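Here is a short briefing to read alongside the model. Take a moment with the view below, and then we can walk through it together.

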Amino acid sequence: MGQTKLEDSIVTLTLNLSDRALYDARFEEAKNMVNLSYFKNFKDYKIEHGVLLTVQKLRIDGIANNVFNKRTNHRENLNTLLNFLPDSNKIEDTEVLGQLYFALSQAYRSNNIIDSSLIYHDKSLQIFEDHGNFEKIAEIRAYDTSVKHNMLLQRGDKAKILELIPEYEKEIKARKHYSKYILAYNTRHLAQIYRRQLLDYEKALQLFKWSLELRLEIGFKPYLPASYSSLGDVYMKMGEDKLAIAMYTESCELAEEIGFIRFQSYPNLQIGDIYLNTQKPEKAYKYYLKALKLASKNNFSLGIDQSIERIEKLNTTKYKMH
């Protein structure tokens, strides 16, 4: 009995189904669908298939690791992608080659090998520009701005961060018709600047709402807890306690549903802070304790430390709990 032929359409369908599972936060299911060892057994398996399936797997792992607070093995990811390079001349679809190059660019940067990262970045961007693939161009540009943003945050360079505002605005205007996923990403990052650096909470609220609406529209579930939590942060700064609690509650409930470790504890801590600030220590204690239990259950050390710190502080005030 001969091998089943692997059509390009089968791989495309598999990637679409995997994406749908990823959007639903069904990470293991999404990853199992693109198991390369399975597809290699098919007749007419091509290197293009391997690249596309591998890039999807690494994408799933990256998002899942963020959700489950796990470390990504960046060296292993780089080596996995490098395995495709010796036969990359066999890749007939240049846009698939562009995806390999962009993934390599990201992997090299994650390993702090910047020169190689830039080389593959430029190669991938050139391919997608030649093909007029505006969705992939938007993805690369968003990644570039995000990298720059994170570097400036680490340095605490407020002036340079503010210079990113027109850059984000330009990308939002130029790319909004090509990828709602990327648009949600860019609007969220711009909102963070208005919230953290400019303290312009009205503008931050507008952008965070837009980002959330886009994620709801495309059905991207993994980062919804972060979206609702950010709205809670802004409402809390604005003194809108009821709205803040509502957003934090939604964030925590979704986080527990999909297993997003950080946003199981953080929103509860914030709700506790709201109650403490409004002279309701018993309610504050209830939420601090809930945050501690969830962080302990998930072995989330930062959440455990933050919860204990708040409970100890509460016990040393005039609202001492027993």
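Contact here means heavy atoms within 4.5 Å. This is a predicted model, in which local features need pLDDT of at least 70 and side-chain atom pairs count only at pLDDT 80 or more, while totals for chains, interfaces and linings use all residues. Residues are numbered from 1 along each chain as its sequence is written, and side-chain values use heavy atoms, with hydrogens and water left out. Helices are DSSP runs (H or I, at least four residues), numbered from the N terminus. Buried means under 20% relative accessible area, exposed over 50%, and partly exposed in between, with a 1.4 Å probe and protein chains only.

- Helix 1 covers residues 8–23, and its 16 residues should span 22 Å at 1.5 Å a residue; the end C-alpha atoms are 23 Å apart, which agrees. The expected span is 1.5 Å times one less than the number of residues.
- The buried residues of helix 1 are V11, T14, L15, S18, A21, L22 and Y23.
- Those buried residues pack against helix 2 (27–33), helix 3 (36–39), helix 4, helix 11 (180–196) and helix 12 (201–218).
- Just after helix 1, A25 has a positive phi of about 65°.

**Helix 13, an enclosed helix**

- Because 12 of its 14 residues are buried, helix 13 is largely enclosed by the rest of the structure.
- The buried set consists of L224, P225, A226, S227, Y228, S229, S230, L231, G232, D233, V234 and Y235.
- Helix 11, helix 12, helix 14 and helix 15 (262–277) are the helices against which these buried residues of helix 13 pack.
- Just after helix 13, G239 takes a positive phi of about 80°.

**Two helix pairs**

- Helix 13 (residues 224–237) and helix 14 (residues 241–258) have axes that come within 8 Å and cross at roughly 160°. That makes helix 13 roughly antiparallel to helix 14. Axes are lines fitted to C-alpha atoms, for helices over the stretch in contact, and angles run from 0 to 180 degrees between N-to-C directions. Angles under 35 degrees count as roughly parallel, over 145 as roughly antiparallel, 65 to 115 as roughly perpendicular and the rest as oblique.
- On the helix 13 side, the contact with helix 14 is made by residues including L224, Y228, L231 and Y235; on the helix 14 side, M247, Y248, L254 and I258 are among them.
- By class, this contact of helix 13 with helix 14 has 13 nonpolar, three polar and two charged residues. Ala, Val, Leu, Ile, Met, Phe, Trp, Tyr, Cys and Pro count as nonpolar, Asp, Glu, Lys and Arg as charged, and the others, Gly among them, as polar.
- Helix 6 (residues 94–110) and helix 8 have axes that come within 12 Å and cross at roughly 5°. That makes helix 6 roughly parallel to helix 8.
- Q99, F102, Q106 and R109 of helix 6 meet K136, E139, I140, Y143, V147 and M151 of helix 8.
- The residues of the contact of helix 6 with helix 8 divide into five nonpolar, two polar and three charged.

- T145 is found in helix 8 (residues 134–155) and is buried, with a relative accessible area of 3%. Not counting residues up to four places away in sequence, T145 touches L164, E167 and Y168.
- I274 belongs to helix 15 and counts as buried at 3% relative accessibility. Leaving aside neighbours within four places in sequence, I274 is in contact with M236, D241, A244, I245 and Y248.
- N65 lies in helix 4 (residues 47–67) and is buried, with a relative accessible area of 15%. Residues up to four places away in sequence aside, N65 touches K70, R71 and T72.

**Positive phi in loops**

- D44 is found in the loop between helix 3 and helix 4. Its phi is near 70°, a positive value in a residue other than glycine, and D44 is partly exposed, with a relative accessible area of 36%.
- N299 is found in the loop between helix 16 (281–297) and helix 17 (301–315). N299 has a positive phi of about 55° although it is not a glycine, and it is exposed, with a relative accessible area of 65%.
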